Amino acid sequence: MAQGIIACPYTLSELINDPDLGLAGEDYDDRRNALGQLKSLIDSSQVKLYILPTLLPVIHAYYARSANENFANRCIVDLLALGNCNLDVDHQSCAVETIDLMSRACQFDPSIEVAFYEALMLTTALNLRVELVVVSNDNVRHHLNRLSRCCLSSTEIFVCDVQQAVSYLSSIESGIFSSERKIYVSTPAANFKSLKKGATVIDFAYAVHTEVGNKCFRATVNGEAVSLDRVLKNRDVVEVEKAEHLQVNESWLGFAATRLAKKAIKHSIRKTYQDRGWDMLKQSFNLSEIRTELDIVAQNKNKKLNELIEEIGRELFSLDKLSDCLQEISTFSQLSSIRPEGDGRRVLVGANTEEKYQLSRCCMPFPDDLCVGILSKNGNTIRIHRKQCNNLANVREDRLISTEWICQECHVELAIIMKDRRDTLRKVLNCLAESGIISDLRKVLTTGGMAHSKVTLPFQSRSEMLKVIDLIKIMPHVSQVRVCEIFATSDIKAE
């Protein structure tokens, strides 16, 4: 069954002509694309456009004044070909109902400011059983939604912009946005969000913005104070109140229904414990002196550094135990500096030679790391590992060769997984360029709404690489960053 819509004069004009060129570049493109999609839905008879007869003289007068009479006539013809005025509706009765509606609105809430033809769109939509009214102006849309909620509370009329209308109509057509699976919920300012059925207030807060969710203190639904675990219904109006110093509550995971909210809550909880862990470390150690050893402790536990710090913050890994681990690493480093591994040969990574070598993927050695080489059984290849790599434990000593880097930099291939959004990758590459890093984009694959990209970047040290990875991780829409491979810029030579 085709969905019906009513549109304001500005939107009707844009459907037959290009949108306002005064918009910013990205806004213009987004609006033009949305108008094109809406027009396609109308042309394919998936959506019926109803035009208020009272709006046609307004549109004609505007184009006759801004262009000429012939252009104005052609615009009206194009509009009537696109939609219809549905003369079966008693428009006189709609006008009487509109006057009554505006009168009740003045008594109920004098701050509601709408023009007669704007309120007429609501009453006509009610008579046509149309639930979608498309309005371009944000302020008008806000007041019409308030008027609909306050004085037409028994109906479900959705006042939205073009982008929201396209999303709503396309979802209904594809069956995604059915009442069985999705709901539409809005802020008092008519900022609508699509949520899965069963979503709660906390899900809506995170759908608005991560910081809104993190600082969510209390909320009202349709003007009534509710708890954060309140299950929302279609067309609920939710207002969230924030508290700046509030910390995310782990109990929220018990009633969060959307993946977005659960992921954001878990991330915030982890960050809280990580911050606590760093504070605990700063009070007991000199971080500048143990920073490298902390990486080694984390690697020995098969964890990332932040995961180790989180365990410290949760008091799952005590500072006393950490102190013991640091002491062991310090002792091992002293012994390693006295006794060369294996037969005492030394390999310099960076000298030009025909001898083959490989950089190990298990520990990803860097130029500033203490390294060890493993000679292959046939003696033709040397595999380079970090000294603290766990895989060295079972290697015979006569196959170990001490190594060191002499190259100034190496190249690292990073895999970046991000949401498939416009300009997401460009913003990442621009961010790298602003940091003085020249990237080599290898490939980009998109699947399931996600983009998988591989870029190669030059680095001089592991700490420099970790800083860049942290910089990319915090960018919008980036889900994951990981190291795929490290390439040396030159060969090695055995002495």
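This is a predicted model: local features need pLDDT of at least 70, side-chain atom pairs count only at pLDDT 80 or more; totals for chains, interfaces and linings use all residues.

Reader: Why does Tyr 63 count as buried?

Author: The term rests on a cut-off: a residue is buried if its relative accessible area is under 20%. Tyr 63 has 9%, and therefore it falls in the buried class. Tyr 62, in contrast, is exposed at 52%, because the exposed class begins over 50%. Phe 71, with 22%, counts as partly exposed.

Reader: How many aromatic pairs does the structure hold?

Author: There are two aromatic pairs. Tyr 62 and Tyr 63 make an edge-to-face pair, with ring centres 5.1 Å apart and planes at 75°. Tyr 63 also pairs edge-to-face with Phe 71, at 5.4 Å between centres and 70° between planes. These ring pairs join Tyr 62, Tyr 63 and Phe 71 into a cluster.

Reader: What can be said of the protein as a whole?

Author: The protein has 495 residues, of which 44% count as buried. Its secondary structure consists of 16 helices and 19 strands. As for contacts with a separation of 6 or more, 69% of them link residues 24 or more positions apart.

Reader: How should I read a sheet, and which strands stand at the edges of the four-stranded one?

Author: The four-stranded open sheet has the order β2-β1-β3-β4, and its pairing is parallel. The edges are β2 (47-50) and β4 (158-160); each has a single partner strand, so one side of each lacks a neighbour in the sheet. From one strand to the next, the twist averages 30°. Strand β1 (residues 3-7) pairs with β2 through four bridges, and Ile 5 stands opposite Leu 49 in β2.

Reader: What lies across this sheet?

Author: Helix α1 (residues 9-16) lies across β1, β2 and β3 (132-134), and runs at about 110° to β1.

Reader: In what order do the strands of the three-stranded sheet stand?

Author: That open sheet has the order β8-β7-β9, with antiparallel pairing. Its edge strands are β8 (224-226) and β9 (238-242), each pairing on one side only. Neighbouring strands in it are turned by 30° against each other on average, direction ignored. Strand β7 (residues 216-221) is joined to β9 by five bridges, and Val 221 faces Val 238 in β9.

Reader: Where do nonpolar side chains gather?

Author: In soluble globular proteins, nonpolar side chains tend to be buried together. Here the largest nonpolar core has 58 residues, and those with the most contacts inside it are Ile 5, Leu 12, Leu 49, Leu 144 and Leu 147. Helix α6 (residues 116-128) gives the largest share of this core, six residues. Beyond four places in sequence, Leu 144 touches Val 114, Glu 118, Ala 119, Met 121, Leu 122, Val 135 and Val 159. A second, separate core has 31 residues, among them Ile 401, Leu 432, Val 478 and Val 481.

Reader: Is Glu 310 buried or exposed?

Author: Glu 310 is buried, at 11% relative accessible area. It belongs to helix α13 (residues 305-313). Apart from neighbours within four places in sequence, Glu 310 is in contact with Arg 270, Tyr 273 and Gln 274.

Reader: Which strand holds Val 455, and how is this residue placed relative to Val 412?

Author: Val 455 lies in strand β17 (residues 450-459) and is buried, with 0% relative accessibility. Val 412 is 43 residues away from Val 455 along the chain, and their C-alpha atoms are separated by 8.2 Å.

Key: Residues are numbered from 1 along each chain as its sequence is written. Side-chain values use heavy atoms; hydrogens and water are left out. Rings of Phe, Tyr and Trp (its six-membered ring) pair if their centres lie within 6.5 Å; planes under 30 degrees apart count as stacked, over 60 as edge-to-face and the rest as tilted. Buried means under 20% relative accessible area, exposed over 50%, partly exposed in between (1.4 Å probe, protein chains only). Helices (H or I, at least four residues) and strands (E, at least two) are DSSP runs, numbered from the N terminus. Contact means heavy atoms within 4.5 Å. Two strands pair if DSSP finds at least two bridges between them. Axes are lines fitted to C-alpha atoms, for helices over the stretch in contact, and angles run from 0 to 180 degrees between N-to-C directions. A nonpolar core is a set of buried Ala, Val, Leu, Ile, Met, Phe, Trp, Tyr and Cys residues joined through side-chain atoms within 4.5 Å.
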